[in-house]
Amino acid sequence: MSSTQMSKTADVSGETCTLHTDGIPPDTLIKVQRYLERFHLTREKLQEVSERLRKDLIRGLGKHSHHKAPVKMLPTFVRATPDGTEKGDFLALDLGGTNFRVLHVRVMEEQQRVLKMDSQICAIPKEMMQGTGEQLFDHIAACLYDFLLSHNLERETLPLGFTFSFPCEQKEIDKSILIRWTKGFNCSGVEGEDVVKLLKEAIRRRGDYDIGSVAMVNDTVGTMMSCGFRDQSCEIGMIIGTGTNACYMEEMKNVKRVEGEAGRMCINTEWGGFGDDGSLRDIQTEFDVVVDEMSINPGVHTFEKMISGMYLGEIVRLLLVRLTEDGLLFGGRTSKALLTPEAFETKFISEIEEQDNGLENTQKVLSKFGLKWDTVDSCVVRLVCDAISSRSARLCGAALATLANRIRVNRRQERLKTTVGVDGTVYKKHPNFSEELRATVRLLAPKCDITFLVSEDGSGKGAAMVTAVMVHNYCLLFIAELMNEYVLFRQQ
Ligand code: GLC
């Protein structure tokens, strides 16, 4: 390792977060660290955050307190994992992550596996993400038609699974009311409406094809169920991608909003909303406040804005601008690109923090941004990225520890052994995110042995695509089960 290279041995267990900062002059380092300190969360602080979330989970579950609860704790009506005996032909839509996808899956009962699977990605232009709901659903219906046409399926009436990764109040499997948009979406006329109805209306407006029954699912639930196929003890699903969220199996007796005491139900926590009542103000930095204010939904999903891929790059950018203005970077000169909101993508953070090529990657990114950098600048930029991504990993770790501790206490177990199904680009692509997250969970949930099951991994882009598709395969198996139950229920 050259003297200017940094490597990290961050240790959440104590206050000693050792970072190799060789090559940065001491006076610069002190000033930079003064900014970065604001992003460092001590063990005590993380414990406090976890405790606050614990209380908010209870508020969200309560019959009379859930209306005002920042963590929504939405019942999903999923009570069990699938048994793998489902069969049939399905369509699936996946809206809410980086891309919008359409899929066709054929499941054969005998082999208990997916036989045939095709998928297509459809871009959703930014204007459409913030246009009218009618435009959005017309676009979705058009993408679906193109897909059906190119796969000779336009004359079939197939059931459809809809992974809709936004907070919804699930009334029935095919009735799901959008509570509010999150992430980059803000289409008019959809909040408070039944998303399935809007989709069906858009298809009816076209009049050139039809779909069968529809099942709605949140991406966290899809992830938990998909991983549940590989590991029966998977009882938590977690996403750290464009947004962040988790679901877990809660005891029915604690789900006060749903009748019945027996068994368990999967709860979509919508933990991204944690802090929306101001409870995280002590750990929000001025940069978080700006990110929130400049977002399309100020005051909403505070926790998510400190953690997920949609926002991390922007926090780094704001910090880099400030350090430059303070003369601590790039000889005090910013660039047009650096001053452009949202220009600093979260994927750059992962590239910059890479162990082996990190320094080289940093310099490529800085050159792309038209900045005049030297080696010290590159080192400082790496420190900044590390501070932001570490905070994100630790906050997520604290939240996950809260869920694990809750499951353990619910079951009155001395030790809990459980599996978490995980998906999302931040978790998968960042070089040490998962490690830091796990370290935090070990620290805050010492009586829980957690296995992390990443939804199918792959190296290149193509492999990542296959991965995404695989996840939804399994998700569809689960949807198939729900649909079977639904059909039976209707027949009774
Ligand atoms: C946002 C959505 C949530 C989703 C998460 C991850 O937080 O509100 O429903 O699960 O993003 O995609």
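These legends accompany close-up views of a predicted model. Local features need pLDDT of at least 70 and side-chain atom pairs count only at pLDDT 80 or more, while totals for chains, interfaces and linings use all residues. Residues are numbered from 1 along each chain as its sequence is written, and side-chain values use heavy atoms, with hydrogens and water left out.

**View A. The shell around the ligand.** The ligand is surrounded by 15 residues (one heavy atom within 4 Å of it). K183, N218, D219, E270 and E304 are the closest. By class, the shell holds four charged residues (Asp, Glu, Lys, Arg), three nonpolar (Ala, Val, Leu, Ile, Met, Phe, Trp, Tyr, Cys, Pro) and eight polar (the others, Gly among them).

View B. Polar contacts here are pairs of N or O atoms within 3.5 Å. The D219 side chain places an N or O atom 2.5 Å from a ligand oxygen. For E270, the corresponding distance is 2.6 Å. A polar side-chain atom of K183 lies 2.9 Å from an oxygen of the ligand. Alone, the ligand exposes 310 Å², and the protein buries 99% of that (Shrake-Rupley, 1.4 Å probe). Helix α6 (219–230) and strand β12 (244–251) each give two or more residues to the shell (DSSP runs: helices H or I, at least four residues; strands E, at least two).

**View C. The open sheet.** Six strands run in the order β3-β13-β12-β11-β14-β15, with mixed pairing (at least two DSSP bridges between strands). β3 (74–75) and β15 (448–454) are the edges, each pairing on one side only. β12 and β13 (264–268) run antiparallel, joined by five bridges. Here E251 stands opposite R264.

**View D. A helix across the sheet.** α12 (375–410) lies across β11 (234–240), β12, β14 (416–423) and β15 (contact: heavy atoms within 4.5 Å). It runs at about 5° to β12 (axes fitted to C-alpha atoms, for helices over the stretch in contact; angles from 0 to 180 degrees between N-to-C directions).

Note on methods:
Polar contact = N/O pair within 3.5 Å; in protein donor to acceptor, adjacent residues only side chain to side chain.
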